[in-house]
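Here are a few notes to go with the structure, in the order I'd look at things. Have the model open while you read.

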Amino acid sequence: CAISSMNNEILRMQQSLNAMGHAVEMFYMDTYHATCSYWEKKWNKAGFKQGESRYNQQKKEEFRRLVVRHRPDCLLFVDFEARFFTTEELAEYHKTSRIAFWFVDEVAGHTEVEAYLRPYKVFVYEKDDVDYLAGHYGIQAVYCPVGYSDAYAQYAGNPAKSIALSFVGSP
């Protein structure tokens, strides 16, 4: 499962897929800007893109090694970022693994991902994206909302003390 670390914290993908009986290897596709230092961001903004280029190449190579090592049945990309892969690279991965995309953020307006989606299974969180992808690109996406996770329903026990709540506002 290729996902940003933030989305995995929110969605609990690994925990949920493991609970369904799947062996899951997570690959965090965090952006350069989410991981680099303050000064690296400043250099990048000033036009010195070597750090970002090296980072993207490194992530691409790490992903390749992970796929070679584990030979997954399916590659699931959550909120796919086009900058990490070319369409040709995905086609190579598709020779040995099924590929699926799940967008938990709106797809409309992100035209850079359209070329990547055509040959693969696409799931979207936004109902409007089903019609958008069909109407603009002829891509048949499947509506797939975020589901329930036991991770959010763990009982913490009785509170040590009672807490008074007040609500302010009008009905």
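**Cores, rings and a pocket**

1. Let's start inside. This is a predicted model, and its largest nonpolar core has 32 residues, with Phe77, Phe80, Leu90 and Leu133 making the most contacts within it. Several elements give two or more residues to this core, among them helix H5 (50–70), strand E3 (74–78) and helix H8 (127–137). H5 provides the largest share, 4 residues.

2. Now click on Phe77. Leaving out residues up to four places away in sequence, Phe77 touches Ala2, Met29, Phe63, Phe85, Leu90, Ile99, Ala100, Phe101 and Trp102. There is also a second, separate core of 12 residues, including Ile3, Leu11, Met26 and Leu76.

3. Next, the rings. The structure holds 16 aromatic pairs. Phe85 and Tyr93 make an edge-to-face one, with 6.1 Å centre to centre and 90° between the planes. Is Phe85 buried or exposed? Phe85 counts as buried because its relative accessibility is 3%, under the 20% cut-off. Tyr93, at 11%, is buried too.

4. For a stacked pair, look at Phe101 and Phe103: 6.3 Å centre to centre, 15° between the planes. Both of these residues are buried. Ring pairs also link Phe101 and Phe103 into a cluster that includes Phe27, Phe63, Phe77 and Tyr120.

5. Last, the second largest pocket, with a volume of about 360 Å³. Of its 21 lining residues, Asn7, Asp79, Phe80, Glu81 and Asp105 lie nearest the centre. Helix H1 (residues 5–11) gives the most to the lining, 3 residues. What is the lining made of? The lining residues are 10 nonpolar, 5 polar and 6 charged.

Technical notes. Residues are numbered from 1 along each chain as its sequence is written. This is a predicted model: local features need pLDDT of at least 70, side-chain atom pairs count only at pLDDT 80 or more; totals for chains, interfaces and linings use all residues. Side-chain values use heavy atoms; hydrogens and water are left out. A nonpolar core is a set of buried Ala, Val, Leu, Ile, Met, Phe, Trp, Tyr and Cys residues joined through side-chain atoms within 4.5 Å. Buried means under 20% relative accessible area, exposed over 50%, partly exposed in between (1.4 Å probe, protein chains only). Contact means heavy atoms within 4.5 Å. On a 1 Å grid over the protein atoms alone, a cavity is a set of points where a 1.4 Å probe fits but cannot get out, and a pocket is an open set with protein on both sides within 12 Å along at least five of seven lines; lining residues have an atom within 4 Å of a point. Grid points are joined across faces, edges and corners, and a volume is the space filled by probe spheres set on the points. Ala, Val, Leu, Ile, Met, Phe, Trp, Tyr, Cys and Pro count as nonpolar, Asp, Glu, Lys and Arg as charged, and the others, Gly among them, as polar. Rings of Phe, Tyr and Trp (its six-membered ring) pair if their centres lie within 6.5 Å; planes under 30 degrees apart count as stacked, over 60 as edge-to-face and the rest as tilted.
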